[in-house]
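Here is a short note on the pockets, for reading beside the model. Please keep the 3D view open as you go through the points.

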Amino acid sequence: DMTIAPISADLPEEETQAMVFFYEVTSLLRTERMRVDFVANASHELRTPLSSLMGSIETLLGPAQDDPEAQQRFLQIMQKEAERMARLIDDLLSLSRIEMSRHVPPSTTVDVSLIVGNAISTVLPIARRRDMQFSAELLSALPKVRADEDQITQVMLNLLVNASKYADQGTIVHISGALSNTGKHVILSIRDEGPGIAAEHLARLTERFYRVDTARSRKMGGTGLGLAIVKHILLRHESQLDIRSQLGKGTTFSFRLPIAAEKTPSAA
Ligand code: ADP
């Protein structure tokens, strides 16, 4: 996102070097800044459930000592907060594993209709609780893609879980596949009939811990890392998440994956 103007050939060499150096330092500082912000945010996100846990323990040891009903209530709070911390840690570990795999291009051949099928079965219990349904179209006819199966399953899961959490109760989540114009990619789309996302949020949606409505995200058990995970997996696949939304109508998330090369019959 930061472009450097072409360096004119008749600039003295020291000046060219100074410009390159300046560019590298600013981008290093930006990376460092993002890293510091991330550690601060992650610590804060972990501190919140931990404080609640400590508060509950204090109450159990003190005021609630002889009150079995209150004990039950506080233990349930503790269970929820411990689960939140576990989810956060799992997501943080996923992110760091994905980043470690960043320089290794995915090399396996993957059937997207199987991935979508598996992801739907995993999310179904969440969707059922909100009386929602999935509709999948045109997936079985698609060619295979070159991708990391586990990672693309994670992408589908995160997008389907979000649609099931944020779209209106009783609505349908549409999953569809198509060939790109060039015929070199498969494009997968997940469209919900939810409240939509205001334009000013769209560009920041895949940032770690960015949420449109923090209270709603928390209530639905979100960590704020789901779309950041999606973004980083897609980066490894040389792809990106396209988000289109209309307030009151719904949101469509889509991304493309390269079609796997046909095996040559005699590649000996
Ligand atoms: P979270 O754990 O909060 O769901 P995500 O990174 O998965 O974190 O999503 C970031 C934010 O984007 C969410 O908090 C929510 O505000 C918004 N969002 C994600 N998916 C949808 C959707 N399908 N419809 C409306 N808002 C969404």
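Predicted model: local features only at pLDDT ≥ 70, side-chain atom pairs only at ≥ 80, totals over all residues.

1. The largest pocket. About 1200 Å³ of space lies in this pocket. Its lining counts 43 residues. Closest to the centre are Val 161, Asn 162, Lys 165, Tyr 166 and Gly 222. Start your view there.

2. Which elements give two or more residues to the lining of the largest pocket? They are the helices α2 (68-100), α3 (112-129), α4 (149-166), α6 (214-219) and α7 (226-236), together with the strand β7 (250-258). Helix α4 gives the most, with eight residues.

3. Make-up of that lining. By class, the largest pocket is lined by 19 nonpolar, 13 polar and 11 charged residues.

4. The second largest pocket. Its volume is about 920 Å³. The lining holds 20 residues. Met 34, Arg 35, Arg 208, Lys 231 and His 232 are the closest to its centre.

5. Elements around the second largest pocket. Two elements give two or more residues to this lining: α1 (13-61) and α7. Which of them gives the most? It is α1, with eight residues. Note that α7 is also listed for the largest pocket, again with two or more lining residues.

6. Classes in the second lining. The second largest pocket has 10 charged residues in its lining. Five nonpolar and five polar residues make up the other classes.

Technical notes
Residues numbered from 1 in each chain as written. Heavy atoms only, no water. 1 Å grid on protein atoms, 1.4 Å probe; cavity = no way out; pocket = protein on both sides within 12 Å on 5 of 7 lines; lining within 4 Å. Points joined across faces, edges and corners; volume = space filled by probe spheres on them. Helix = DSSP H or I, 4+ residues; strand = E, 2+ residues; numbered from the N terminus. Nonpolar A, V, L, I, M, F, W, Y, C, P; charged D, E, K, R; others polar.
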